[in-house]
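Welcome! Take a moment to look over the sequence and the 3D view, and then let us walk through them together.

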Amino acid sequence: MEEKQKVVNKILEYGRTLKVTKFEPTLNPEVNKLLVDDPNAFLFGVIFDQSITAEQAWEKPFILKQRLGHLDVKKISEMKDDELKVIFNEAPKLHRFPNKYAAYIKDACKMLIDRYEGNAANIWNGNPGYADLQRRFELFKGIGQKKASMATNILIRVLRKGVGDKSESNISFDIHVKRVFLRTGLAKTDDKNTILQSARELNPEDPGELDFPIWDIGMEKGWCRPTDPKCDECPIKDVCPKIINERK
Ligand code: SF4
């Protein structure tokens, strides 16, 4: 446990150097502004963020707005399914799975109208805790644990929305996060629930604080790549046991 704690401390130390204060997931300032100014665009970005790169996903609400001329959830929810599919299938397609994501967005619009007065800000207004906020996101079709906790972490840590009990926070499980957990020995089993539980045990006051630095270390452009990891340059190289051959 002492060894693991050293790794955790080093990861947290690295995380504090990242100081992410702005939400800028794309290189286009207009796109980033829309995501911050329009809560519905933010929610759509969360939904799109699957099976394509994160940067491509977060650009999609902006492109959808250009194609429709608006992001009016009432108008979108009243569109015929085929009509919306045509917009999503226009070249270049809005997603690898355009019909599926057209249905997710239409469904999200209906849910925003039914539960949140048509405004996604009402999902996080009123300072819900981490767990509540994550559960609210998970009720949208197309949003599972990873995307719900990612959205919650961005809102609370970067956009400063809502104030929750940090002990309820979570890491966003994906292949990059999993790889770092296994190679650093923070988890011994390649299993989502085991890894989520490990994060809770290793940093019980704020498990989600581990999320961004671990993702940053494990992503394709980071150090702990699937192949040819750059251990010599990795910010946690001094404490990592580098269990690379046993577990990818
Ligand atoms: S890149 Fe190497 S040192 Fe860094 S986390 Fe991965 S295995 Fe450990």
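## Before we start

A residue is called buried if 20 or more other C-beta atoms lie within 10 Å of its own, exposed if 12 or fewer do, and partly exposed in between, with C-beta atoms placed from the backbone. Keep this in mind for two residues below.

This is a predicted model, in which local features need pLDDT of at least 70 and side-chain atom pairs count only at pLDDT 80 or more, while totals for chains, interfaces and linings use all residues. Residues are numbered from 1 along each chain as its sequence is written.

## Two residues with positive phi

R160 is not a glycine, yet its phi is positive, about 60 degrees. You can find R160 in the loop between α10 (145-158) and α11 (175-183); helices here are DSSP runs (H or I, at least four residues; strands are E, at least two), numbered from the N terminus. Is R160 buried or exposed? R160 counts as exposed because it has 9 C-beta neighbours inside 10 Å.

D228 is not a glycine either, and its positive phi is about 50 degrees. This residue sits in the segment after α13 (211-218). With 6 other C-beta atoms within 10 Å, D228 is exposed.

## Domains

The protein chain splits into domain 1 (2-20 + 168-233) and domain 2 (29-125). These bounds come from an automatic or database domain assignment. Taken over C-alpha atoms, the centres of domain 1 and domain 2 are 30 Å apart.

## A pair of helices

Now look at helix α3 (residues 39-48) and helix α7 (residues 98-116): their axes are 10 Å apart and the packing angle is about 145 degrees. Axes are lines fitted to C-alpha atoms, for helices over the stretch in contact, and angles run from 0 to 180 degrees between N-to-C directions.

Which residues of α3 and α7 meet? On the α3 side they are N40, L43, F44, I47 and F48, and on the α7 side Y101, Y104, I105, A108 and L112 (contact is C-beta atoms, placed from the backbone, within 7 Å). Nine residues of this contact are nonpolar, one is polar and none is charged. Here Ala, Val, Leu, Ile, Met, Phe, Trp, Tyr, Cys and Pro count as nonpolar, Asp, Glu, Lys and Arg as charged, and the others, Gly among them, as polar.

## A cis peptide bond

A91 and P92 are joined by a cis peptide bond, with omega about -10 degrees. P92 belongs to the loop between α6 (81-89) and α7.

Technical notes
Contact = placed C-beta atoms within 7 Å.
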